[in-house]
Amino acid sequence: MIRAGLIAGYLAALLAVDTRVELPGQLLLGGVTWLVLVMAARPLATERRAQVAIVICAATIAELTGSILWGVYSYRLHNLPLFIPPAHGLVFMAGLSLSEAFRRHANALVVAAASIATVWGVLGLTVLPRTDAAGALGVPLLLVFLWRSRARAAYAGVFLVVGALELYGTAIGTWRWAAELPGLGIPDGNPPSGVASGYVWFDVMALLCAPWLLALPRSAGPFRRRPLTGTSQV
C-alpha cells in the first residue's frame, strides 16, 4: 500500500509539473521518471520486472497509435512526452501493489472496481456534460476480466489507479480526449469511462508473455535475478 501511494504521489506531482514546463523541462521530467522506474523496479522479482517491460512496450505502441496517429487524445504539447512510457510501468506497479495490499479483501477490491466502472459508464451515457458512448463500449470488456480472470484483483487495482490518474490528468490539462473518435464519430468522454479496458490488454499481454520472454536466451541483464513469488495467471 505504501509503494502504491508513493508511486501515485510521484505521478500526480509529475503531471502537475508538466503543465508548467515546455519541451526542455518535459525532457528532464522524462529522464527523471525513467530513473524512478528503474529504482522502483529493482526490488521486484524477475518475472514481475519482465511484465513491467512488456507493459511499457505495449503501452508505448498504443500511445503512438491512439495519440499521434489516430488523434483520439492529445497531450498538452501535441507530442508523446518522454515520461509517458516509464509512467505506464509505474502505473502497472502501483496497481499490483494496491491489489497485493488488499489480498485478503480481493473480492471487495474487485467489486469496488466493477461498481465504479459500471456507474461511470452509465453516467457517461446519461448525465455527464459529454456523452461517453466510446467509453461505455470499453466497460463490458473490463467487467468480463474482473469477473472471469484469476488475475482479477490485479486488474481491479490497475483500474483504480488508472481511473484516478485519468480524472486528474484531464482536469489539470496534461492531456485531453477528443469529443469524438476521429473517423468514427462516436462520442467520447474526457476521460472516457472505459479507458482502463486498454490497460487490461496491457496487463494480459504482460502476464501471458513474461514467462515466454524469460525463456529466451539472454545475457546478464536486468531480468536475471529473483524468482517471482506469488501467482501471475491471467
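Thr174 sits in the loop between α7 (152-172) and β2 (175-177). Helices (H or I, at least four residues) and strands (E, at least two) are DSSP runs, numbered from the N terminus. This is a predicted model: local features need pLDDT of at least 70, side-chain atom pairs count only at pLDDT 80 or more, and totals for chains, interfaces and linings use all residues. Residues are numbered from 1 along each chain as its sequence is written, and side-chain values use heavy atoms, with hydrogens and water left out.

Two residues contrast in accessibility. Buried means under 20% relative accessible area, exposed over 50%, partly exposed in between (1.4 Å probe, protein chains only).

| Residue | Relative accessibility | Class |
|---|---|---|
| Thr174 | 1% | buried |
| Ile68 | 43% | partly exposed |

Beyond its neighbours within four places in sequence, Thr174 has contacts (heavy atoms within 4.5 Å) with Leu15, Asp18, Thr19, Tyr75, Arg76 and Gly169.

Helix α2 covers residues 23-41, 19 residues in number. Its buried residues are Gln26, Leu29, Gly30, Thr33, Val36, Leu37, Ala40 and Ala41. Seen down the axis of α2, they fall within an arc of 130 degrees (directions from the helix axis to the C-beta atoms), so they line one face. α1 (2-18), α3 (46-69) and α4 (84-101) are among the elements covering them. The face turned away carries the exposed residues Pro24, Leu28, Leu35 and Met39.

Ile68 belongs to helix α3.

Notes:
The expected span of a helix is 1.5 Å times one less than its number of residues.
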